[in-house]
Amino acid sequence: MTKKLYIETVGCQMNMLDSEMVVASLRKKGYELTDSTDDADTILFNTCSVREHAEHKTYSALGRLREHKKLNPHKVIGVMGCMAQKDQKLIFEKAPYVDIVVGPGQLQQIPDLIEKVKSDSGQYTAVSLGRKNGSLEQIKRSHETFDPLRDPTMRPTPFQAYLRIQIGCDKFCTYCIVPMTRGPEQGRPPKEILDEAKILADQGCKEITLVGQTVNSYKHKDDSGTTRLSGLLQQLHEIEGLQRLKFVTNYPKDMTTDLLETIRDYPKISKYIHVPLQSGSNDVLKRMKRGYTVEDYRDMMARIHDTIPGAAISSDFIVGFCGETEEEFQETVKLTKECRFKNSFIFKYSERPGTKGAEVFPDDIPDEIKKRRNNELLAVQNQISEEDNQQFLGQQVEVLVEGPSKWAKQNGDPDAQVLQLTGRTNCDRIVVFDGNQRLAGQLMKIAIYEVTSFTLLGTVVTDHQVPTLNTISV
Ligand code: SAH
Ligand code: SF4
Ligand code: F3S
């Protein structure tokens with residue numbers, strides 16, 4: 001008998017990937033996906049704790065299920081992911097009708113736990129050890145992944161996949177909860193990664209994004225030596241069928257020359273580097289314990305530009321971190337103007353209980369000021385993005401076609417053959433153009449005739465003289 005699973009995912013690519021694995025493991029047990037909580041036998045929330053807002057959203061969604069569960073006591077409700085690891089019992093206190101709470105390091109237990117709940121209506125928790133609750137080895141072992149299980153229907157598109165190369169984080173930035181929810185940094189064995197990439201390529205995957213919290217710190221030691229991100233990318237580059245390799249997120253201090261040279265020399269590797277600066281003030285960076293100075297970051301930027309002409313660099317920022325003065329914020333604005341990022345993700349600081357920041361620094365910047373700084377920095381970034389996109393006017397870019405654009409999905413006729421499509425360049429710029437749906441998954445040349453801060457608009461270049469089959473993205 002088919003059972004129905006409703007799953008809602010928030011958070012980063014790690015969570016997207018985790019949901020993909022959980023869906024794959026439940027499909028093996030006869031589950032099908034549904035997009036309605038009413039139809040579902042099992043409802044799962046894959047949660048994020050990086051900012052308070054993300055947690056509020058999950059708790060409100062859970063709140064809406066209170067009545068639902070009263071009417072349908074047999075439905076299994078599960079909370080998985082980072083908030084499950086962080087809040088544990090608190091989830092049962094706030095939402096006593098939740099049946100299972102499973103941290104991101106214990107997801108392989110979900111199918112069994114659902115069965116247990118169905119047979120005895122009990123409440124179950126499966127979480128990993130806290131950062132102080134055992135030896136490093138024990139803690140590491142309690143954070144397991146079960147990556148080889150994949151479910152193509154959960155991917156961004158059938159020809160794009162995330163591939164985890166690292167779990168956890170050991171950087172302990174003072175504002176960040178991730179080292180507590182995801183545990184110690186561990187690089188997955190290169191063989192496992194390569195095998196998984198080959199399976200993905202065989203399934204028709206053309207673009208793989210390697211994911212890790214600090215993906216360029218990736219390291220794996222075994223008898224044959226130490227593998228780093230550069231070596232891993234070089235091996236992945238050989239896999240037939242794969243056309244693009246991306247990797248997120250990078251840590252400024254670990255941007256080694258061998259990695260930059262690999263990005264330069266191997267054409268399938270995207271010349272796009274997401275390497276968050278977080279703040280342009282040395283004092284703030286110190287309070288954040290980011291481990292680099294503004295001068296270090298500038299040096300890194302210069303090395304990237306010297307080694308990889310045309311590289312696109314993007315950043316994350318936190319505004320209104322504890323004690324951030326107007327002068328310190330203006331240093332961030334100044335450095336943003338200097339660095340000219342392709343784009344930036346800007347967040348208002350959100351205090352996270354359990355972090356060093358919450359313990360030692362008061363969250364003393366009023367929300368209106370955080371909001372104002374967020375808007376100000378965003379306006380600066382948007383202007384830079386729009387100015388820099390001008391260089392593409394009249395140019396041809398190569399795009400991996402992803403499918404109907406957001407606009408087409410909401411407003412277009414789903415049966416139309418030709419509609420507005422979207423794709424990305426090798427340097428991660430979003431391109432929108434009209435084309436046949438069947439182009440999805442192909443590399444196409446697009447001529448750009450208009451740009452905004454977020455998007456390049458263009459038309460498909462049809463040049464029958466030049467075969468496009470063997471063009472590789474550069
Ligand atoms: N591992 C990645 C980022 C993970 S979290 C890295 O090191 O870059 C993604 C982004 O969320 C961070 O880059 C940071 O800008 C933001 N972030 C993390 N903790 C936050 C907090 N407590 N409040 C606001 N933003 C936060
Ligand atoms: Fe969080 Fe810092 Fe680790 Fe990124 S590097 S996950 S911001 S602790
Ligand atoms: Fe959120 Fe956990 Fe990712 S806290 S950002 S889902 S690692």
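**Ligand 2**

Begin with ligand 2 and display the residues around it: C169, K171, F172, C173, Y175, C176, V178, P179, Q213, T214 and R290. This shell divides into seven nonpolar, two polar and two charged residues. Note that the coordinates belong to a predicted model.

Within this shell, select F172. F172 lies in the loop between strand 8 (166-167) and helix 8 (178-182). Its phi is positive, about 50°, although F172 is not a glycine. Is F172 buried, partly exposed or exposed? With a relative accessible area of 31%, F172 is partly exposed.

**Ligand 3**

Next, select ligand 3. The residues around ligand 3 are C12, N15, C48, S49, V50, C82, V178, R182 and Q213. By class, the shell of ligand 3 comprises five nonpolar residues, three polar and one charged.

**Strand 1 and L5**

Move to strand 1 (residues 3-9) and pick L5. L5 has a relative accessible area of 1% and is therefore buried. Leaving aside residues up to four places away in sequence, the contacts of L5 are V23, L26, Y31, E32, L33, T34, T42 and L44.

**Helix 10 and its surroundings**

Select helix 10, residues 229-237, and colour its buried residues: L229, S230, L232, L233, L236 and H237. Viewed down the axis of helix 10, these buried residues fall within an arc of 165°, so they line one face of the helix. Which elements does this buried set pack against? The partners are helix 9 (190-202), strand 10 (207-211), strand 12 (225-228), strand 13 (244-248) and helix 11 (257-265).

From this group, follow strand 12 to strand 11 (residues 219-222), with which it pairs in the antiparallel sense over four bridges. The two strands form a hairpin with two residues between them. In this pairing, K219 stands opposite R228 in strand 12.

Then go to the loop between strand 13 and helix 11, where T249 lies. The peptide bond joining V248 and T249 is cis, with omega about -5°.

**Q278**

Select Q278 in the loop between strand 14 (272-274) and helix 12 (282-288). Q278 is not a glycine, yet its phi is positive, at about 75°. Q278 is buried, with a relative accessible area of 7%.

**The barrel**

Finish with the barrel, in which five strands close in the order 17-18-19-21-20 with mixed pairing. From one strand to the next, the twist averages 50°.

- Strand 17 (residues 396-404) with strand 20 (residues 443-451): antiparallel, over five bridges. Here E398 stands opposite K445 in strand 20.
- Strand 17 with strand 18: antiparallel, over five bridges. P404 has L421 in strand 18 as its bridge partner.
- Strand 18 (residues 418-425) with strand 19 (residues 430-436): antiparallel, joined by seven bridges. T422 stands opposite V432 in strand 19.

How values were computed:
Residues numbered from 1 in each chain as written. Chains lettered and ligands numbered in written order. Predicted model: local features only at pLDDT ≥ 70, side-chain atom pairs only at ≥ 80, totals over all residues. Heavy atoms only, no water. Buried < 20%, exposed > 50% of the residue type's maximum accessible area, 1.4 Å probe, protein only. Arc of directions from axis to C-beta. Contact = heavy atoms within 4.5 Å. Pairing = 2+ DSSP bridges. Axes fitted to C-alpha atoms, helices over the stretch in contact; angles between N-to-C directions. Near = heavy atom within 4 Å. Nonpolar A, V, L, I, M, F, W, Y, C, P; charged D, E, K, R; others polar.
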